[in-house]
Amino acid sequence: MGEKGRLNRVLLECSLSDKLCVVQEHQYEVIIVPALLVGGFLILLAIILWLFIRGQRSQRQHPGTRGTASVPASRDLSQEVAGQGEKVLLPLKETSVESFLRAATPPLAKLQVPREQLSDVLEKIRSGSCGTLYRTMMATRDHPTPKSVVLKVLAEPVGLQEAQDFIGRIQFYQYLGKHRNLVQLEGCCTERLPLYMVLEDVVPGDLLSFLWTCRKDVMTMDGLLYDLTEKQIYHIGKQVLLALEFLQDKNLFHGDVAARNILIQSDLTVKLCRLGLAYEVHTQGAISSAHTSTIPLKWLAPERLLLKPASIRGDVWSFGILLYEMVTLGAPPYPEVPPTSILQYLQRGKIMKRPSSCTHAMYSIMKCCWHWSEDSRPLPGELCLRLEAASRSANDKAVLQVPELVVPELYADVAGIHAENLSYSYSVL
Ligand SMILES: Nc1ncnc2c1ncn2[C@@H]1O[C@H](COP(=O)(O)OP(=O)(O)OP(=O)(O)O)[C@@H](O)[C@H]1O
């Protein structure tokens with residue numbers, strides 16, 4: 001009945017004189033329904049697009065919780081305050097050093113050392129690449145007497161970039177965590193300038209000075225016996241390899257393994273320092289060519305001399321040179337080769353001859369570090385096993401002796417090092 005009535009109404013709208021009578025049945029449905037469908041589809045599409053863009057943005061702000069060990073090609077540390085696996089956001093667009101420090105300091109709260117706990121009396125150790133190093137005393141709650149620490153002070157005037165880099169290095173120590181054979185960060189002062197890193201003091205200091213002092217008629221100093229046996233060389237070497245393995249586990253490498261960058265304690269515990277290059281690998285995925293050119297050539301693996309990408313196997317090459325340094329009590333490597341000719345020397349297939357004080361067992365370990373092809377060199381863990389095996393039959397009685405004393409300036413010349421880059425606590429007298 002309803003349908004018939006509607007048709008009649010439509011027909012009534014036509015007069016008898018009309019030649020053409022258009023029946024307008026369903027005209028609204030034909031226009032409105034598709035329009036609604038298209039409109040709805042467009043709204044849905046816009047919502048999906050908005051959700052997608054929002055998802056992408058939040059992903060970019062929270063770069064995932066994949067293993068902290070991985071090293072992306074490039075990473076902005078101002079975004080990442082890395083306690084092991086822990087990520088905290090810092091504002092990226094700081095305009096002044098003060099506002100940057102205000103934002104960067106709270107995540108480092110646990111490390112902050114009240115400045116009044118540090119003595120005003122500073123003894124300069126040397127100028128480092130990112131600040132001057134001083135020895136000073138620090139009062140702590142745990143110790144009844146103040147203890148000696150090393151302060152790394154960022155040189156002023158401090159720009160935003162220098163401040164970010166310095167804080168980045170502190171965060172890097174946090175990221176690394178503690179290892180017995182890496183120099184330890186004890187704290188920092190970052191709430192205002194000047195910026196300090198507080199490092200553990202490793203006494204007597206660098207291994208190169210220790211080796212040179214072993215040449216002298218010194219028996220003991222600061223509780224350290226200035227005698228070195230073959231077995232002790234393996235003991236020191238193994239500790240360096242443990243530190244390298246620790247870095248390797250984090251997809252890092254050291255980049256400048258050498259006696260001058262190793263600190264030794266009176267109980268013969270050694271610690272790798274100069275972690276600036278590892279920090280660069282952490283933040284940029286590689287060592288910049290500007291820095292490569294500052295590393296003494298005689299310690300570098302061929303691939304690094306050829307400016308190819310560096311890796312932990314380059315550290316293994318340098319470790320072989322370190323063994324040579326120890327067994328010769330700090331002689332410069334390749335004494336007969338000018339530093340700038342070292343690449344041609346190696347390209348001719350030459351390596352250093354066995355020093356007279358070096359056993360065949362130790363020399364064969366050096367040689368396996370000096371394979372031209374990186375893949376033929378052992379990794380730190382494998383090398384550690386070889387050292388352990390050799391150590392079992394190593395001489396623990398014969399003290400290594402070299403009669404000539406070292407003249408640091410001459411050494412620097414032959415080794416291809418700027419004398420000011422040697423932080424030796426050694427004198428010929
Ligand atoms: N904790 C320490 N105790 C004693 N001496 C140290 C200590 N830390 C560093 N040194 C001495 O200062 C030198 C510079 O060390 P440091 O690790 O600070 O390097 P750096 O020049 O600042 O470079 P990098 O940018 O690689 O950190 C070392 O070779 C070492 O002789």
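Helices (H or I, at least four residues) and strands (E, at least two) are DSSP runs, numbered from the N terminus. The model is a predicted one, in which local features need pLDDT of at least 70 and side-chain atom pairs count only at pLDDT 80 or more, while totals for chains, interfaces and linings use all residues. Residues are numbered from 1 along each chain as its sequence is written, and side-chain values use heavy atoms, with hydrogens and water left out.

I looked up how much of H7 is covered. Eight of the nine residues of H7 (residues 276-284) are buried, so H7 is largely enclosed by the rest of the structure. Buried means under 20% relative accessible area, exposed means over 50%, and partly exposed is in between (1.4 Å probe, protein chains only). Among the buried residues of H7 are Tyr279, Glu280 and His282. The cover over the buried residues includes helix H4 (160-176) and helix H8 (289-292); contact here means heavy atoms within 4.5 Å.

I then checked helix H5 (residues 207-214), where eight of eight residues are buried. They include Phe210, Trp212 and Cys214.

**Entry: arginine 260**

Which residues does arginine 260 touch? Leaving out residues up to four places away in sequence, I found Asp206, Leu208, Pro296, Trp299, Ile417 and Leu422. Arginine 260 sits in the loop between helix H6 (230-249) and strand S9 (262-265). Its relative accessible area is 9%, so arginine 260 is buried. Its side chain makes a polar contact of 3.0 Å with the side chain of aspartate 256.

**Entry: histidine 179**

Histidine 179 is in the loop between H4 and strand S4 (185-189). Is histidine 179 buried or exposed? It counts as buried, because its relative accessibility is 16%. A polar atom of its side chain lies 2.9 Å from the backbone nitrogen of asparagine 181. Not counting residues up to four places away in sequence, histidine 179 touches Gln184, Leu242, Ala243 and Phe246.

**Entry: two helix pairs**

I compared directions next. Axes are lines fitted to C-alpha atoms, for helices over the stretch in contact, and angles run from 0 to 180 degrees between N-to-C directions. Angles under 35 degrees count as roughly parallel, over 145 as roughly antiparallel, 65 to 115 as roughly perpendicular and the rest as oblique.

The axes of helix H10 (residues 312-327) and helix H12 (residues 360-369) come within 7 Å and cross at roughly 150°. H10 and H12 are therefore roughly antiparallel. The residues in contact include Trp317, Phe319 and Leu323 of H10, and Met362 and Ile365 of H12.

Helix H3 (residues 97-104) packs with H4 at an angle of about 20°, the axes being 9 Å apart. H3 and H4 are therefore roughly parallel. On the H3 side the contact is made by Val97, Phe100, Leu101 and Ala104, and on the H4 side by Leu160, Ala163, Gln164 and Ile167.

I noted a rule first. Most residues other than glycine have a negative phi, and most peptide bonds are trans.

Arginine 274, in the loop between strand S10 (270-272) and H7, has a positive phi near 60°. With a relative accessible area of 33%, arginine 274 is partly exposed. Leucine 329 has a positive phi too, near 50°. Leucine 329 lies in the loop between H10 and helix H11 (342-347) and is buried, with a relative accessible area of 0%.

Which peptide bonds did I note as cis? One joins glutamate 156 and proline 157, with omega about 0°. Another runs from valine 203 to proline 204, with omega near 10°. Proline 157 is in the loop between strand S3 (147-153) and H4, whereas proline 204 is in strand S6 (residues 204-206).

How values were computed
A polar contact is a pair of N or O atoms within 3.5 Å; within protein, one must be able to donate a hydrogen and the other to accept it, and residues adjacent in sequence count only if both atoms are side-chain atoms.
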